[in-house]
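Visitor: I am new to this structure. Could you show me how to read its features, one at a time?

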Amino acid sequence: MTYIDTLFLVLLIPLVAAVRYVIVPVRLREWLIIAASVMFLATWGHVSLLVFLSVIAINFAATIGIDRAGDRASRYLMAGMIAADLLALGYFKYFNFFIDSWNGVAGTTLPHHDLGLPLAISFYTFHLVSYLVDLQGRRVRRAGVREYLFYLSFFPHLVAGPIVRAWQFFPQIGKRRDVLGDLPVGLYQFVSGIFLKSIIADNIAQLIDPIWDGTGAFVPTGADHWAVAWLYYCQIYADFAGYSLMALGMSRFLGYRLPPNFRQPMLASSLQEFWRRWHMTLSRWLRDYLYRPLGGSRAGRWRTSINLMATMLLGGLWHGAGWTLVIWGALHGAGLVIERALGLNQSGWNGSRGAARAGWFVITQIWVTLAWIFFRSANLHSALTFLGALGDRSAASMVIHPPIRLAAGFGLGALLHQAFELGIVRMPRRWIPGALGLTTALAGVADVVILAPSKVFIYFKF
Amino acid sequence: MTWRRYWLGFSTSSFTALLLISRFPAAPGQRPPRPDFPTFRRSFPAEYSAAGSDTAHDIFLHGLFNIGSRLKPADVFLTGSSHMEFGLSAGELGSLLSKPGHTVRAYNLGLGCGESAGFGLEILGRNRISHRSVIAEAGMLNISKERICAQQSERRDLIQAYTSVFQIWARYLWDWALDPALPRLVFAQDGLHVQRFLYGMLVQREWDTGDVVLAWHPVEGTFYPDQAVRDTEVAAASMACGVDWRISDGQITVSETLRQQATALGADLTMTFVPWARPMPEFPAWYQAQSARIRIAPSLNTRCFVAIPVDGLRSWDGGNHLTGPSRSLATKRLAAGIQAGRFVIAPDAADVSKQGH
C-alpha cells in the first residue's frame, strides 16, 4: 500500500479523525499511530515487518546498554551496533550485487538470497545510526519503548523519510499540539504532494519511460534525448518532493512536524547549493555523520576533496547496488570538488562575480541533469548510449516529438510548483491563506479528475 | 493569521472547478449506464482493469473471506484461463450433472491473465481440497504453470492479499461513486482524452459457484451474460485459424506437470477444450496448436474430451470468449459428453510423436 492508494486514503481519514477529535489521551493516541504504522508496514509483507521489528528490538536493547555503560564501553557498544545495522543493510541491499560481481569475476555460480529488500530498511537504518551516535554523545536522552517505537515507526516518514533526528522529534512525542493552521497547511501539503506525484511525476514517467526502455513508437532525436533527461529531473523531483510533502502533510494532520526535504532545487546556482535544496535531510545526515567525522573541510584542500568524493560515492551507493549509481555519486562528488577549487561553491546571486555565477548556475543544472542519466539508466551501456544520443547534431535532431512535448507541459508544472513555493513566502501575509486554499482546491480537483498512471514511488525501492 | 480565508478560497475554488469540469463532455456518443452497486453478499468484483489487476487470484489462492468453505463442498472444479471463466458455467454444470438424490456441485476457478489450469490445481492444494474431479482447460497448455497475476499472488502473504483486494474494491467504489458527476482526463502518448470516470472493465463473480454474473465495459455497458455487443461466430473464426498438429516440448512438459499436480491431489483429471479461436499474432502457437493439444491425452494419462463442438457458439470479443447464451450451450454439450462417457481420444492418437520437430 502506498500513500496514493485509494485504500490508504480511506483508512487515513478515520485515523486522523480519531487522533484529532476522538482519542484524547496522548499516549493512547500515539499507541494507535504506532499500530497503524505497523499495519502499514505489514501491507508490504511479513519479511519487511519482521526485519523491522527485529532490528529495532535489538537496537533498543543496545540503547539501554549505551545509556548505562561508561564512556569507553558505550563507544564500543555503539560501534558494534552500528556495524550490525550496516551489516543487515548490506546483506539485504548489496549481497546480491556482490554475489553477481564475484560470480562475474571468479566464474562461480553462488546463489542470491531471495528475501528481497525489506521496505524502508535504508531509511530506518539512518534513523537508528543517528540516534545511536547522538545517544552515545549524550546529545539526546534515552527513549522509552513508546517513544522509540513511535520515532522509528511513524508511518509518514517510515518508508522514505524525511530523515528526522531524535532531537527534532522527541520533544514532540507525548505532547498534545493543537495548532490552528496544521489542518489547512497539512491539507495543502498532502494534496499538492499527491498532485506532484500522481499527476506530474507519473504522467511524465508514462510519456518518457518508453524512451528509456527503448520501446517508444518513434526514433527519438537528439533534442528528444535532451528533453527526456531534463524531464527525468522533473519527474524525480515531483516524485520525491511530492512524497515528502505528503509525509509533511500527514504528520501535521496528526499533530507532529517533520523537517522539509526540498527547497526549489532547480534554482540552485551551485552543486553545494543543490545539495542544500535537494533531499535536504539526507544531505545533512551525510554531512553530520559521514563528512564531518571524516574530517570535513578542516583538514586541507586535498583531504577535503577526498572527503567530498567519499561522501558522495557512498551517497550514490546508498541509493542502490549498481555502478550507474556509483557514477552518479562520483559526478556529484567531482562537481563539488571542482566548484570548491574554483571558488564557486557559495550560494546566492550577490557579489561582483554575477556573470560567472549565472554561468555556473547553467552549468550546475546541466551537470545535475546529465548525472540523472546514470541514475535512471538500467546499466552503464544504456547510460553511455543515451549520452551519445545527446550529441546528435543533424538537422532532424532538433525535432521534439509530440509525446515529449506533452511531457514537457508536466515538466513545467514541476517548475511552477517551485516558483509557487518561492512566491508564497514573499507574499503579503494576509494573502497566504487564500492563496493556499485556492491552490489546494485546484490541485485537489486535478488529483481527482486526471488519471494517475500507476507507478510506484521511486524512493520506495531505496 | 486567520485561516477563514483558506477555507473560503478552498471551498469556492473546489466548487467552481468541479462545476466547470463536470460540464466537460465525457466520451462522445451513447454513455451506457454504470453497473448496479455490487451486491457483496452474492457476488464480488473479481476484476476492475483500471485498478491494475484482478481480485479473484488472491481470493481463491489465499482463501480470503473464508472462500474455502464455499470451495470444499464442490465435487467438480473447472480450472483454466478466462476462456473457462466465461465459457462454462459451474452452476449450470452442477445442475445438469445432478441426479435425483445426488446433487453435484461445481465451482469455476477459471481466471483471467491467461491463467493455466495448473494454477487452479494449486488453489485446490492451498485450500486443502483433494480427491475431486477437475475439468482442466487444455487450450492454454503451451504456457507455463504461472502467469504474471499468479506470480504476484503467490508472492503476497495473507495481509498483502487482503490489502490488494480491498485496494481494488476501494478504487472501484470510488470510481463508481464519482462516475455520474465527473469525467476523467487521460493524458496518453497521443494526447489528451476525456473519458467517463469509471473507465475500466468490471467482471463480477458469484461467491457460491465462481461463475461470472456480470461483465461491464465503459463504452459498451453490460455485455455479459446478456447483450453481447461484438458478437462473432466462433466457428467462423476457428476456421480462419486453420489447424496445426505440432506439439512442442514445452506443452508436453507443462502437461506432465499438470498430471503430477493432479496425482498429488488425488484429483480425477479430465481435459476439455473451451472453444475459442481468436487469432493472436503475437503468440501464433496459442491458436495454431489448440486442436493438437487433445492428442497429448494419452501421455497425460487422463480422460480427454474432444473440443466441445463449436457450431452455433458465439463470442463477445471476436472469437476469444463465449457469450452468456453460448456459455449455457457449451456447458450443456460438456455435460452431455460427461454423461455419455464420450472420452474421446483424437484420431491416430497412438502417434503422439512430436511432429514438426
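Visitor: Leaving aside residues up to four places away in sequence, which residues does A:Phe195 touch?
Guide: This is a predicted model, so read every contact as part of a prediction. A:Phe195 touches A:Ile200, A:Ala443, A:Ala446 and A:Asp447. Look also at A:Thr440. A:Phe195 and A:Thr440 are 245 residues apart in sequence, yet their C-alpha atoms are 9.6 Å apart in space.

Visitor: Is A:Phe195 buried or exposed?
Guide: Count the C-beta neighbours. A residue with 20 or more other C-beta atoms within 10 Å is buried. A:Phe195 has 27 inside 10 Å, so A:Phe195 counts as buried.

Visitor: Which helix holds A:Phe195?
Guide: A:Phe195 is found in helix 9 of chain A. Of the 32 residues in helix 9 of chain A, 27 are buried, so this helix is largely enclosed by the rest of the structure.

Visitor: Where does helix 9 of chain A bend?
Guide: Helix 9 of chain A bends at A:Leu207, by about 40°. A proline, A:Pro210, follows within four residues. After the helix comes A:Gly214, with a positive phi near 75°.

Visitor: How do I read two packed helices?
Guide: Packed helices are described by the angle between their axes and the distance between those axes. Take helix 3 (residues 46-68) and helix 5 (residues 121-136) of chain A: they pack at an angle of about 5°, with axes 10 Å apart. That makes helix 3 of chain A roughly parallel to helix 5 of chain A.

Visitor: Which residues of helix 3 and helix 5 of chain A meet?
Guide: From helix 3 of chain A, they include A:Val51, A:Phe52 and A:Ile66. From helix 5 of chain A, A:Tyr124, A:Leu128 and A:Leu135 are among them. By class, this contact has 8 nonpolar, 3 polar and 1 charged residues.

Visitor: At what angle do helix 4 and helix 5 of chain A cross?
Guide: Helix 4 (residues 71-106) of chain A crosses helix 5 of chain A at roughly 175°, and their axes come within 10 Å. Helix 4 and helix 5 of chain A are therefore roughly antiparallel to each other. The contact includes A:Met78, A:Asp85 and A:Phe92 of helix 4 of chain A, and A:Thr125, A:Val129 and A:Val133 of helix 5 of chain A. Its residues divide into 10 nonpolar, 4 polar and 3 charged.

Visitor: Which domains does the assignment give for chain A?
Guide: The domain assignment gives domain 1 (6-172) and domain 2 (182-269 + 348-461). Their centres, taken over C-alpha atoms, are separated by 29 Å. At the contact, 13 residues of domain 1 of chain A meet 15 residues of domain 2 of chain A. On the domain 1 side, helix 1 of chain A gives the most, with 3 residues. That side has 9 nonpolar, 4 polar and no charged residues.

Visitor: How many residues does each chain bring to the contact between chain A and chain B?
Guide: Chain A brings 33 residues and chain B brings 32. The largest share of the chain A side, 12 residues, comes from helix 18 of chain A. By class, the chain A side has 20 nonpolar, 11 polar and 2 charged residues.

Visitor: How many helices and strands are in chain B?
Guide: Chain B has 14 helices and 13 strands. Of its 357 residues, 45% are buried. Now take its contacts between residues at least 6 apart in sequence: 78% join residues at least 24 apart.

Visitor: Which peptide bond in chain B is cis?
Guide: The bond from B:Tyr224 to B:Pro225 is cis, with omega near 5°. B:Pro225 lies in the loop between strand 9 (221-224) and strand 10 (232-233) of chain B.

Terms used
Residues are numbered from 1 along each chain as its sequence is written. Chains are lettered from A and ligands numbered from 1 in the order in which they are written. This is a predicted model: local features need pLDDT of at least 70, side-chain atom pairs count only at pLDDT 80 or more; totals for chains, interfaces and linings use all residues. Axes are lines fitted to C-alpha atoms, for helices over the stretch in contact, and angles run from 0 to 180 degrees between N-to-C directions. Helices (H or I, at least four residues) and strands (E, at least two) are DSSP runs, numbered from the N terminus. Angles under 35 degrees count as roughly parallel, over 145 as roughly antiparallel, 65 to 115 as roughly perpendicular and the rest as oblique. Two residues are in contact if their C-beta atoms, placed from the backbone, lie within 7 Å. Ala, Val, Leu, Ile, Met, Phe, Trp, Tyr, Cys and Pro count as nonpolar, Asp, Glu, Lys and Arg as charged, and the others, Gly among them, as polar. Domain bounds come from an automatic or database domain assignment. The bend at a residue is the angle between axes fitted to the seven residues ending there and the seven starting there. A residue is buried if 20 or more other C-beta atoms lie within 10 Å of its own, exposed if 12 or fewer, and partly exposed in between; C-beta atoms are placed from the backbone.
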